[in-house]
Amino acid sequence: MSWSVAQKLIHSHLVSGEMRPGDEIGLHIDQTLTQDATGTMVMLELEALGLDRVKTEISVQYVDHNLIQADYKNPDDHLFLLSACRRFGVWYSRPGNGVSHPCHQENFGKPGKTLLGSDSHTPAAGALGMLAIGAGGIEVALAMAGEPFFTRMPEIWGVELTGELPEWVSAKDIILEMLRRHGVAGGLGRIVEYYGPGLDTLSAMDRHVIANMGAELGATTTVFPSDLEVRRFLRAWKRENDWVELMADPGAGYDLHDEIDLSSLEPLIAMPSSPGNVRPVREVAGQPIYQAYIGSSANPGFRDFAVSAMMVRGRRIHDRVSFDVNPTSRAQLETLVRDGHVVDLIHAGARLHQAGCNGCIGMGQAPATHELSLRTVPRNFPGRSGTREDKVCLVSPETATASALTGVITDPRTLGVPYMRIADPDDPIVNREAFLAPLAPEDALRVALRKGPNIVSLPASEPLPDSLEVPVLLKVADDISTDEIMPAGNRVLPFRSNIPKIAEFSFEGVDPTYVTRAKQVPGHIVVGGDNYGQGSSREHAALGPRFLGLRAVFAKSFARIHSQNLINFGVLPLTFGDAADYDDIRKGDVLRLSDLHRSLVTGEELVAENVTRGRSYRVHHSMSSRQVDAVLRGGLINWVKTGAGHST
């Protein structure tokens, strides 16, 4: 049998289930990744589970999101995370080390391994031939405790790359082309696997760009082979011994197929406010911009900064433009300084920020009101930047820099400067000393968790009742994102370890009255369109509304991670049997669900009665028996603590 890379990775880690698309499978997890916007909850969940020490090969906690220290909350949480890492046996990446995904690729990623991360861009590690999946924090906590990760077996979507990228076109344009073709839901229920002769021209960090933003397609993950380029990358980072070859078998079959001729691509741009709103740059050229921003997990490599530095050498950034440079790892910044690129950027007028996620997650660098901001970040959901009326566009470093020089959206091919191909160096400055290794087990047991006043233990979650009769408090459109359900940014995320407080921000950009109205009823339902909950893996988008009484979401379809996060905290994700019923339900209608326990266990279609208007709708769920058991008990923590899950 000829297998793809993805099939080989899944088969080698399969602990339960069959590799049939749609069937639930359980996977052994080798590594985990957490970051500070989600990791505080993970560490509190480990405490709630009563874990002594993590059981993975490697678990790493990064501090890369909440870096602004405007008051005590973020620094207190950093100390809490450090104490938790020492207590549970986790590597700790201190503030300033950089963004989790490129740092993990540089220092810990290993071909052939599985990685589960409480960040939706964890699939970036697929660049090294890993099976890397984003998930909610509680699932990562369970993996750290030695439990399998459960998901539906995805279809494998083979994308053959041929040809070579033209001048002024780079890896960002490849994934934008995928989004242009297939949209933000094109990858739902799928693993994207790239192969073909075009791979020979793409570096490991180029592949990181593509794998990272596979999350914007809604894909479970993205996979590349582990070939000689991966070996070169690991050798450069002094980890060649971690390399193993992992290639698709000749004649490997795929459930779906696509092909991209790299030589046919041109500079692309995702206009506001969706990664799927992609157009050629030439079609929108000439529009004035306020900001150009390079960096983030979506363009984290040396060449992404170096090409920009080469472009601005001897030139000046336009007077109107804020040109923000966000280094993605301490080691990359050191290397860029060594090679003179930082001097060129700063001299041209760039603003140099600390290594971290920064403006990508709304932590500084917010754009001016109603002004265009061109960014190399992965997402441009409404308000994500920190400015409510933001107009963020997603572009390559070449397009961002060309536009920074001219002050308007500019196709870099028209800039009139020589193009220079830049490769990632074979001698980067390696700085693993900046990472704190786990303590020995006997020392770890003596460490007490250090909790500041903003850290609150997880609220209790009661079991699901057998019947519900609650109002529809909110009705939202297609592609509602987790950033719209629970905003990011420096105003909200500092409360990530305080669920009662962060719940106050739920849906605030969609309906500012939601929180007040939720507090006035004993429970409620939210109705959504297609792809409900796309975007971030932050489980706060489930926890906040659940704390306010959310019991069920009716939708045409769900994004994978958010659907699982709802289940993890005892909220029913129900899909309309007839999508037209979405149009019939109104905000304020009272819906009744009866005989829930039996219907959920047997898998029968449920009938939701509209008590207000005397109508009924058929809805169903796609939960496995394990998920049904968890949601009936009020969520995964109750499921584990009552002995339903495996022993931790």
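User: Which residue in S11 is the bridge partner of Glu-193?

Analyst: This is a predicted model, in which local features need pLDDT of at least 70, side-chain atom pairs count only at pLDDT 80 or more, and totals for chains, interfaces and linings use all residues. Residues are numbered from 1 along each chain as its sequence is written, and side-chain values use heavy atoms, leaving out hydrogens and water. Strands (E, at least two residues) and helices (H or I, at least four) are DSSP runs numbered from the N terminus, and two strands pair if DSSP finds at least two bridges between them. Here the partner of Glu-193 in S11 is Val-223, and S10 pairs with S11 (residues 221-223) in the parallel sense over three bridges.

User: How should I read a nonpolar core, and how many residues has the largest one?

Analyst: In soluble globular proteins, nonpolar side chains tend to be buried together. A nonpolar core is a set of buried Ala, Val, Leu, Ile, Met, Phe, Trp, Tyr and Cys residues joined through side-chain atoms within 4.5 Å, where buried means under 20% relative accessible area with a 1.4 Å probe, protein chains only. The largest has 79 residues, and Leu-131 is among those with the most contacts inside it. Beyond its neighbours within four places in sequence, Leu-131 is in contact (heavy atoms within 4.5 Å) with residues including Ile-191, Thr-221 and Val-223.

How values were computed
Buried < 20%, exposed > 50% of the residue type's maximum accessible area, 1.4 Å probe, protein only.
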